[in-house]
Amino acid sequence: MYLSTATKALLACVAMAAPAAAENFKFSYQGDISTLDPHSLNEVFTLGMMNNVYEGLALYDGEMKLQPGLAVGWETTSPTTWRVKLREGVTFHEGGTFDADDVIFSWQRGLTEGSDQKGRAGLIKAIEKLGPYEIKIETHDPYPILMQEMTSFFIMDKEWSEENGATEASSIKDSSNVGYAGQHTNGTGPFRITARQPGVSTTFDRFDGYWNDDIATNVTHAEFVPIQEPATRVSALISGEMDLIFPVPVQDWSRLESAEGIAPLSGPEIRTMYFGMDQSRDELLFSSVKGKNPMKDVRVRAAFAHAINVQAIADKVMRGAATPAGIIIAPQVTGFDETLNTPFVYDPELSKKLLAEAGYPDGFSITLDCPNDRYVNDEKICVAAASMLSKVGIDVDVVAETKSRYFGRLFAQGGYETSFYFLGWTPASVDAHNSFFNILTCRNTETGAGAYNIGGYCNARVAEITDIIASEVDPDKRQALISEALKLSRDDVAYIPLFQQPLSWGVSDRVTVTQRSDDVLDLRSVVVGN
Amino acid sequence: MLKLILNRLAHSVVVMLAVALIAFSMVAFLGDPISNMVGQDTTVAERAALRENLGLNDPLPVQFVRFLSHAVQGDFGLSYSLRVPVSELFAERMPATLELSIISAIFALLIGIPLGIHTAINRDSFTTQAILSSSLVGVSLPTFLIGILLILIFGVMLRWLPTFGRGDVVMIGGWSTGLLTSSGLRSLVLPVATLTIFQLTLIIRLVRAEMMEVLRTDFIKFARARGIRRKALNYRHALKNTMMPVITVVGLQLGNIIAFSLITESVFQWPGMGLLFVQAIGNADIPVMVAYLMIIALIFVLINLIVDLLHFVLDPRLHSSGAN
């Protein structure tokens, strides 16, 4: 490896003299891109990676601000209609020209059976072509954050898809037809995928015909290798074989700091971690209290909240890298309210008093469900909280299990089988409505609302506000409503918010990169060799 | 001989069916694969539809029969997490695993047998004590730890060798080999060393014990009395009789290495079948897991068959019993 390091150094020197020199960049993540088909899986890492290859009508920049993408501008002509001007002069990697037909085609493709993007495509009722570079989008309901959603809905080339029989999203269930688009790509992004072996490596090469000359990157060739084992991933960075890895285990930060030529890169993620409690069953599934559900009593929920020292967990378990939170949405999210963001005060005496008032002076026992391979230090956080709760008489039994078992039990299809659980939520649209709709509003199986409201919290006013903010376009009114709902849910102790999970990357000194708060690596921002 | 083979093959079918059944019923406890296959915004109804579509709601026996009828045609379905046919994935990954295990088995034999003989012949010498005690390290340290230590020393501190992956590979037909490029060979060193250390102890001790046993037998004493030279005695007569159990154990051991190289593979991000399996467990990727267990069972069955046949060839006494 010393040889190639020398070559790299040489290349870096050349790069300083001539900025257009070839630059290689190697990076690693704990898992692989699941599919190359941009409509087959709605998952943050896969879509984030594919956003280097495919693009939507709009893009997020490094600060998660909305920027024009394949659309140059948009305006709402009524609450449900959008006039969108498309970018001219954009070509797909295989040479096709981007226009309105591709947008309409992609929207229809997003609604086909194998699509996991039906949620986004389904917001749209119709798209009318006003010209080759102008369209009118009509949504079913007023939806002010349509363009935020469109950042993760990628546009494919109609002609290419038709030629290759890829007009429908690749489906997982048909092993005879894997889908051309699941193996090949043809986007408008700055990089094209030139080689791929699933689970082993994926090669990105710079697309010379990219429409935007202003992107920072000087990378011409990038290689992505998924490395599952954290120790191996960290070693690959320290030995200089990788330029960037993520995530880095929090306990390895000091190792990266002491190693030469690399450094940890950290910041608050948009994901808020919290504890939830079953407040809907008449008797808890896993508790010593029989015949009633103590969690229905707000005093008990408050007692739990006041017994957990969020600051201590952030300082000790998360090594100071987590930002304590008081509400379930992060500062980057539209609708965030700083005045509500102080964590519940740590006060064991108050906690004991509340428990006594509620009729549990001696506490009770309960099971805390927790994943052990999904979030940063997930199991350790649960164990720490359990020991804090034991000081006020709550005897907590922590059950930590692998994510597929955990989510299988916890989510709707498993029947919300928990009494007390640990979870994190990232609003994909970076808007409060996504969090409200999924985890805060009352559960409704018909509309799909509250599907991840595992504890079954239900406050009629909060549910009403959730519906209103879906279509409220006045930003001030909308913020007032969001703050009201956040305040209500906080007073109800709907959840015990903990903190924003820290992003944890390890980066070589020869690389500069913008770390986005949704943990997405945008190759557009990667600059190699000073 | 033919009867022996047919007999063994019949056994194998039963074994394979049993493994398939066990693998299948185990997988039912692994959790819900759906939450790894869709994004968080996917509605409950869509998730339920996907479950239904994949046939995950059918009773286990129905799923099992459906799996078997596809599997006999070589169709193991699509990987849930990588969305590629499972058979294709294994065809891609198998060369990496076989190269790693076979090379490490060869090294273990090349080093282990001479050391074993040496320790048997020079029973109390200083080198024997040194070999025996240092070989204990191989069994007492977990493979995972050996791998990490080697990475730390040779990859991170000395930077002599790559810490992960296979390096550049060359395709010969459908077989990818790392033996023909320098980066491929360099990448082999650490994982092969890790796996070799794991087997070495066993081989040394086995050869030593067997050899000492044989050296005590009457025919060796007589041979010695006849004045046969010590070298010929040790290496021709004694060693030949030692090899019988060694072959059995090493053969079975090869199956073990192929199956349990998964730890080494995940430490070195070695793109073989074991790594694929480890990744599949994390994602509750049922088709990959079941196919892996079936393939490993098949490999064990085949190795056993070969070992039986080798016995048949090496031990003349089996010829007569086979003829009966």
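This is a predicted model: local features need pLDDT of at least 70, side-chain atom pairs count only at pLDDT 80 or more; totals for chains, interfaces and linings use all residues.
Local features were taken at pLDDT of at least 70 and side-chain atom pairs at pLDDT 80 or more, whereas totals for chains, interfaces and linings use all residues; side-chain values use heavy atoms, with hydrogens and water left out. Residues are numbered from 1 along each chain as its sequence is written, and chains are lettered from A and ligands numbered from 1 in the order in which they are written.

Chain A and chain B together bury about 4,400 Å², and 53% of this area is on carbon and sulfur atoms. Buried area here is the accessible area, found with a 1.4 Å probe, that two parts lose on being put together, summed over both. On the side of chain A that touches chain B, the elements giving two or more residues are α4 (118–121), β10 (221–226), α7 (230–238), α13 (403–410) and α14 (432–440) of chain A. Helices (H or I, at least four residues) and strands (E, at least two) are DSSP runs numbered from the N terminus. The residues on this side of chain A comprise 22 nonpolar, 21 polar and 12 charged. In this division Ala, Val, Leu, Ile, Met, Phe, Trp, Tyr, Cys and Pro count as nonpolar, Asp, Glu, Lys and Arg as charged, and the others, Gly among them, as polar. The contact (heavy atoms within 4.5 Å) involves 55 residues of chain A and 54 residues of chain B. Across the interface, 11 residue pairs are in polar contact, both residues being at pLDDT 80 or more. A polar contact is a pair of N or O atoms within 3.5 Å; within protein, one must be able to donate a hydrogen and the other to accept it, and residues adjacent in sequence count only if both atoms are side-chain atoms. The number of salt bridges between chain A and chain B is zero, a salt bridge being a side-chain nitrogen of Lys or Arg within 4 Å of a carboxyl oxygen of Asp or Glu.

Two disulfides were found over all chains, a disulfide being a pair of cysteine sulfur atoms within 2.5 Å. In one of them, the sulfur atoms of Cys370(A) and Cys382(A) are 2.2 Å apart. This link is right-handed, with 90° about the S-S bond. Cys370(A) belongs to strand β14 and Cys382(A) to helix α12 of chain A, so the pair ties together parts that are 12 residues apart in sequence. Cys370(A) is buried, at 0% relative accessibility, and Cys382(A) is buried, at 0% relative accessibility. Buried means under 20% relative accessible area, exposed over 50%, and partly exposed in between, with a 1.4 Å probe and protein chains only.

A disulfide also joins Cys442(A) and Cys458(A), with sulfur atoms 2.0 Å apart. The link of Cys442(A) and Cys458(A) is right-handed, with 90° about the S-S bond. Cys442(A) and Cys458(A) lie in the loop between α14 and α15 (460–471) of chain A, 16 residues apart. Cys442(A) is buried, with a relative accessible area of 17%, whereas Cys458(A) is exposed, with 52%. Counting bonded cysteines along the chain, the disulfides of chain A follow the pattern 1-2, 3-4.

Helix α9 of chain A spans residues 298–307, and eight of its 10 residues are buried. Among the buried residues are Val300(A), Arg301(A), Phe304(A) and His306(A). Their cover includes α11 (348–357), β14 (365–371) and α12 (378–390) of chain A. At the start of α9(A), a side-chain oxygen of Asp297(A) comes within 2.8 Å of the backbone nitrogen of Arg299(A).

Ser40(A) lies in the loop between β1 (24–29) and α2 (44–50) of chain A and is buried, at 2% relative accessibility. Leaving aside residues up to four places away in sequence, Ser40(A) touches residues including Asp116(A), Ser170(A) and Arg83(B). A polar atom of the Ser40(A) side chain lies 2.7 Å from the backbone oxygen of Ser170(A).

Some backbone features were also recorded. Phe246(A) and Pro247(A) are joined by a cis peptide bond, with omega about -5°. Asn377(A), a residue other than glycine, has a positive phi near 55°; Asn377(A) is in the loop between β14 and α12 of chain A. In chain B, Arg159(B) has a positive phi of about 55° and is partly exposed, with a relative accessible area of 31%.
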